[in-house]
Amino acid sequence: MSSKRIIIVGAGPAGLAAAGVLARLGASVTLIDKDPDMGGHLSKWHQLFPDRSSAQILLEQLVSEVPDEVSRIMGREVIGGNVRTNQVDLKLDEGTWITGDGLLLATGFDLFDAHRKEEYGYGIYDNVYTQAEVEQMFENGRIENRSGKIPQSIAFLHCVGSRDQKVGVSYCSKVCCVTGVKQAIEMREKLPDAIIYNFYMDLRMFGQGFEELYHDAQEKYNIRFIRGRISEAAENQQGKVIIKAEDTLTARPLKLTVDMLILLCGMQPSKHTANLADTFGFTTGPDGFLKPLGPSQNTFRTRHPHVMLAGACTGPATLTEAIQAGRSASLALYEQLFNIIN
Amino acid sequence: MKEFGFQKQKDRQTDLDQIDLSQIASVLQIVDSWKRCIGCGSCAAVCTAGQFSSFNPRRTQMLARQGCYSTLALEVAKCQLCGKCRLVCPRDVDTRKLMHELKQLQISLLP
């Protein structure tokens, strides 16, 4: 069996899963990532929903499944290239070119930039945070606000940069719902006496174990759920955050002062994904994510038979979905390049 | 009929079998963006009138959507058309225009 060279762009969960499968099947794999380290967003996370397993252990497993023969080009970005019949040429930011018989894009997502929802005061007020910063706090084992105080009241706000046409994001990022519930539970474990709120519009607990986590948050962890979207935040002289919302279920306007406001930001196509879509002329959907050929079948195929897509570059995805997509797309690419099916 | 000395309470249920929604359909045509509302309550959170009265734009638009005309007429009159609701609406509903149209409808429904 003559070896085929496959380039994987993106060494997050989808890219790592793909690299493991393709290398074990005998392809010659090159893994590229713009970051110096592998893992993507997973490397910045502490615990995973719904089972609170360790993000670092999962990352170590994914990395350990990538054989040593896989060539790794880290800290390099793909800035151009050509997709030709049966061949792909990619130009890296250092000026070198690499060539492969097949390409698998796993360029992932960026967290929605919370600065864009100015009414929530992220980057303006001291004690407004994103869920990514909160994961870092959990990882460091210290929950404290900007002035080093332990918070006694915390509000999570769902749907920041999700289902919001004012910032051009009409889709639902779907994983923030369960993330907010998971982080609220973690907060409760660290801060038994704090008052913890979740402000939501809908709670979409679609995955296995998600609804159960929501039950636990209500029954065991005393998290207060308020159905209403926060309309604006302000800061008082003590650096606390004053929130305005409607408690829609009592149909009354509501005011609340908290020590920390945590914005659960949605997913948007990563800058890298958007650049590659432009460079190679890949089709994108109205949400800006890369659009595969089909919504049910062929969810990883493009109009080029030897170019596949995997993970959150095609839309908001859970880790489970990203890893599954990486493996499925790998098999499809393998079948294509090794003429298993025609 | 025999008088028992008590009054029968009027049924409070919204009877969708009986309600005529044609008037609301015409408002929906004028304010197309209204169809997108998900009831998040951002409008009610910032509402100028809602801070000091029982007015609630989220609830008011829902009363209209369900054809509860008698309650609607009382509610919609409280709106001052300041338009703050429109600034915060995540679904980009033209809430101010909607309230204006509902006020017009309310006037046309007066006897």
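**Exercise 1. Determine what share of chain B is buried.**
Solution. Chain B has 111 residues, and 32% of them are buried (20 or more other C-beta atoms, placed from the backbone, within 10 Å of the residue's own). The model is predicted: local features need pLDDT of at least 70 and side-chain atom pairs pLDDT 80 or more, while totals for chains, interfaces and linings use all residues. Residues are numbered from 1 along each chain as its sequence is written, and chains are lettered from A in the order in which they are written.

**Exercise 2. List the elements of chain B.**
Solution. Start at the N terminus: the order is α-α-α-α-α-α. That gives 6 helices and 0 strands (DSSP runs: H or I of at least four residues for helices, E of at least two for strands).

**Exercise 3. Describe how α3(B) packs on α4(B).**
Solution. Take the axes. Residues 57-65 form α3 of chain B, and residues 69-76 form α4. Their axes lie 9 Å apart, at an angle of about 150° (lines fitted to C-alpha atoms over the stretch in contact; angles run from 0 to 180 degrees between N-to-C directions).
Next, the contacts. B:Thr60, B:Leu63 and B:Ala64 of α3(B) meet B:Thr71, B:Leu72, B:Glu75 and B:Val76 of α4(B) (C-beta atoms, placed from the backbone, within 7 Å).

Notes: Contact = placed C-beta atoms within 7 Å. Buried ≥ 20, exposed ≤ 12 C-beta atoms within 10 Å, placed from the backbone.
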